[in-house]
Amino acid sequence: MKLIDITKAFQNVRKDTEDINENDCLNAIQKLKLSNYKDIPSIPLNKVKELFVQLLGDGFHLDDTKFKEVQDFLSNCTLKKMVDERLLAKVLRYLLRKDSTKKVALLIVDVQNDFISGSLALKHSPACEDGVDVVPVINQMVQMKFHFFVYTMDWHPQDHISFITNVSRYDLHPTSKVPLAKDAKTFDLVTFAGDGDPFDQVLWPAHCIQGTEGAELHPELTEIKGDNSMRLLKGIDPKVDSYSAFWDNNHTHQTKLFSELIDRDITDIVVCGLATDICVKFTAIDGQKHGFNTTVVLDACRGVAHDGIEIARCEQQACGIRIIDSSEVSSLLA
Ligand SMILES: [Zn+2]
């Protein structure tokens, strides 16, 4: 479901045209004691409806199916195990805003030295694509009229679980294809026991270690600075990897990206960078799941493996993501 569709559905049934601020939303959430529920799916539908009546008055009508869609959406884009009052208030303010003009953010994924010339340089991976080739294409795009620019960065601590050098620091699960740490090799897929459920992890060479040259953005990449731009650091938790800029791989921690986008009333995201079949793919798919109209600019991405790049294209298109060439970007911003 698209965020813009929810916003328009409410706009169509509302009588008043006043904007509702985040504090009003928070007060309504607290009045209904929604944080007492263990998660969003546990909130009864009549409470969801009551929430909107609190905010909009009772002079509007929406079908139950619409409220259920809204509830499902809120559940998809927030942490599963809790009702986060503040994030919920932000989302409600966003959904009920008066002005739903298209606003487009450019997400520039992991254009960092280690993926271009360092320990995980894409040019040495099976597809033999060179990460540096995205730099001039992205530099042209950042001159265009995007509302917001996000530079995501893999930003790992020394003891990060994804590094082959750290495989013996964490317990492997008995079901792991490589059950013993001493037998594990770079690029193996292993299963770690984790604190709760076991999870799979590819073992990479150590890369993008916080504060190192390899973790820096490529020196020729134009970085827009100011209120309309941010760096988004991911993969900070030593115990879990983060391919998507929205979530860690186990969905236990949500980055601030979603709330930064809705705070700026972003409706559309355009994703580019490294690597096509890993962080770009997961970020774009999560962007679409969070309800943004999502586009991937293929010639502004480079990937790891040909089959992975093809799978990424199929998976992205299957969930409604548009895949375009950089020559088409200006028409998106019109
Ligand atoms: Zn990484």
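Hi everyone. Helices (H or I, at least four residues) and strands (E, at least two) are DSSP runs, numbered from the N terminus. Residues are numbered from 1 along each chain as its sequence is written. What you see is a predicted model, where local features need pLDDT of at least 70, side-chain atom pairs count only at pLDDT 80 or more, and totals for chains, interfaces and linings use all residues.

Let's start with His 61, which sits in the loop between H3 and helix H4 (64–76). A residue is called buried if 20 or more other C-beta atoms, placed from the backbone, lie within 10 Å of its own, exposed if 12 or fewer, and partly exposed in between. His 61 is exposed, because 7 other C-beta atoms lie within 10 Å. His 61 and Val 13 are 48 residues apart along the chain, yet their C-alpha atoms are separated by 6.4 Å.

Now H3 itself. The expected span of a helix is 1.5 Å times one less than its number of residues. The twelve residues of H3 should therefore span 16 Å, and its end C-alpha atoms are 17 Å apart, which agrees. After H3 comes Gly 57, with a positive phi near 80°.

On to packing. Two packed helices are described by the angle between their axes and the distance between the axes. Here the axes are lines fitted to C-alpha atoms, for helices over the stretch in contact, and angles run from 0 to 180 degrees between N-to-C directions. Angles under 35 degrees count as roughly parallel, over 145 as roughly antiparallel, 65 to 115 as roughly perpendicular and the rest as oblique.

How do helix H2 (residues 22–31) and helix H3 (residues 45–56) cross? Their axes come within 10 Å and cross at roughly 135°, so H2 and H3 are oblique to each other. Two residues are in contact if their C-beta atoms, placed from the backbone, lie within 7 Å. On the H2 side the contact is made by Asp 24, Cys 25, Ala 28, Ile 29 and Lys 31, and on the H3 side by Leu 51, Gln 54 and Leu 55.

H2 also packs against helix H5 (residues 85–95), at an angle of about 125° and with the axes 8 Å apart. That makes this pair oblique too. Among the residues in that contact are Cys 25, Leu 26 and Ile 29 of H2, along with Leu 88, Ala 89 and Leu 92 of H5.

Further along, helix H9 (residues 279–289) and helix H10 (residues 306–318) pack at an angle of about 5°, their axes 10 Å apart. H9 and H10 are therefore roughly parallel to each other. Lys 281, Ala 284 and Ile 285 of H9 meet Ala 312, Glu 315 and Gln 316 of H10.

Finally, some backbone details. Most residues other than glycine have a negative phi, and most peptide bonds are trans. Cys 128 is not a glycine, but has a positive phi of about 55°. Cys 128 is in the loop between helix H6 (113–116) and helix H7 (134–141), and is exposed, with 11 other C-beta atoms within 10 Å. His 251, also not a glycine, has a positive phi of about 55°. You'll find His 251 in the loop between strand E5 (229–234) and helix H8 (257–263); with 14 other C-beta atoms within 10 Å, His 251 is partly exposed. And which residues does a cis peptide bond join? Leu 274 and Ala 275, with omega about -10°.
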